[in-house]
Amino acid sequence: MLANIDSTIHSNDLDHIVQTTELTKRYGNFAALHRCSLEVLRGEIFGLLGPNGAGKTTLIRLLLGYLHRTSGEANVAGYDPACDSVEVRRRVAYLPGDARLPRHMRGRGVLEFFAQMHPCGDVQRTLDVANRLDLDLSRRVAFMSTGMRQKLALAVVFGPRTPLLILDEPTANLDPSVRGEVLSLVLSERDEGRTVMFSSHVLSEIEQTCDRVAFLRRGELVRKLVMEDLFQRHRVTATLNPDVFIPEHDPSAALGEVPSDLRGQIAACQISPLGTRGNRVQIDTAGDLSPTLGWLASLPLHHVRIEPLGLHSVYEAVHLGQPDMSSVPQVDSRVAASEVAR
Ligand SMILES: Nc1ncnc2c1ncn2[C@@H]1O[C@H](COP(=O)(O)OP(=O)(O)OP(=O)(O)O)[C@@H](O)[C@H]1O
């Protein structure tokens, strides 16, 4: 079935299964989504991040044609959701954030019903997913717990072999072991060549699964990130010996010159006082960490800690509206962007 549906995708650019250009949704003067341009590549897992009300669901619903855009363009699997929403939905399995299922039906009946309804439906596959999620299918939906209903909705959505899955907070209401199972389902979808786009508030889930992520904030796409690049970024924190002199107008001079071959790898540095205990140094690095280790070892530092930068720090920066520290490293002859928080 997947092969049939795939062969009918008539996009000019088959690398992109989703593409939006300045996509905008307004309610009166309020922009729930403002000029959002992004691409999702075929075969990748793409994460959507952002605080409550950032516009994630609005974007997803525009892509499926459930909402009508105010302006801009969108293309999903070769179709414009504003004109061909039926064609789009034939190719997309969608888990809404508030999935509603027929309350009078038993779990098994629900799965069979949806598998028969969808052009890419596969009863055995949907039952297998329910089994993986350890779901009792003999219960009526009305008597299921919130988490059990979420598992049932997931089994419905993972059943059809569509080229694209769009999941709005797929692990909401699930216990940690089931969350892990859902993430491994997402990874297996990618292994089978399908594309997954999902939103989540759980940063560790995005880190474990996604190839690329987009951050939305107040309706705007404020940052895109390739996870592989993020994993190459580290934060070094340490204490600078108290007897080291910190020049007031150029605190970075306390660390001396950054060797020229390392300048492209030091993205930012902050020095802040710790009272009588010296000064706290924070250095963000980009790229392979190993060449910087020798330089770090030569500095008058102690209590050195090196951690992967992680999504959390990027998320915080986005949330606070801080400039993008995750892209181009910037240094001059001294360590760049030094600050003394006195
Ligand atoms: N029908 C509507 N009329 C007016 N404003 C709306 C409407 N639907 C959504 N909004 C607003 O659009 C903004 C984006 O909402 P959206 O549901 O896309 O956010 P979200 O990122 O999915 O949030 P969450 O993480 O809480 O699910 C919110 O401020 C919301 O209040």
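The shell around the ligand comprises four nonpolar residues, seven polar residues and one charged residue. The model described here is predicted. Surrounding the ligand are Tyr27, Phe30, Ala32, Gly50, Asn52, Gly53, Ala54, Gly55, Lys56, Thr57, Thr58 and Gly97. Two elements, strand S2 (30-41) and helix H2 (56-63), each contribute at least two residues to this shell. The greatest contribution comes from H2, which supplies three residues.

The protein as a whole contains 11 helices and 13 strands. Of its 342 residues, 40% are classed as buried. When contacts between residues at least 6 apart in sequence are considered, 71% of them link residues at least 24 apart. An unreviewed UniProt entry carries the annotation "domain: ABC transporter" for residues 18-243. In the model, this span is 34% helix and 30% strand, and its end C-alpha atoms are separated by 56 Å.

In soluble globular proteins, nonpolar side chains tend to be buried together. The largest nonpolar core of the present model has 67 residues, of which Leu154, Ala155, Val157 and Ile166 touch the most other members. Helix H6 (residues 146-158) is the main contributor to this core, providing eight residues. Another core, of 15 residues, lies apart from the largest one; its members include Val236, Val258, Ala267 and Leu301. For Val157, one of the residues of the largest core that touch the most other members, contacts were also examined with neighbours within four places in sequence left aside. On this basis, Val157 is in contact with Ala93, Tyr94, Leu95, Leu165 and Leu167.

Helix H11 (residues 310-319) has Leu311, Val314 and Val318 among its buried residues. These three residues lie on the same side of H11, because the arc they cover around the axis is only 65 degrees. An α-helix has 3.6 residues a turn, so residues three or four places apart point the same way. Exposed residues are found on the face of H11 turned away from the buried side, where His312 and Glu316 are located. The buried residues of H11 are covered by elements that include two helices, H8 (203-209) and H9 (227-231), together with two strands, S8 (212-217) and S9 (220-226).

Key. Residues numbered from 1 in each chain as written. Predicted model: local features only at pLDDT ≥ 70, side-chain atom pairs only at ≥ 80, totals over all residues. Near = placed C-beta within 6 Å. Helix = DSSP H or I, 4+ residues; strand = E, 2+ residues; numbered from the N terminus. Nonpolar A, V, L, I, M, F, W, Y, C, P; charged D, E, K, R; others polar. UniProt positions renumbered as here; feature names shortened; annotations may be inferred. Core = buried A, V, L, I, M, F, W, Y, C linked by C-beta atoms within 7 Å. Buried ≥ 20, exposed ≤ 12 C-beta atoms within 10 Å, placed from the backbone. Contact = placed C-beta atoms within 7 Å. Arc of directions from axis to C-beta.
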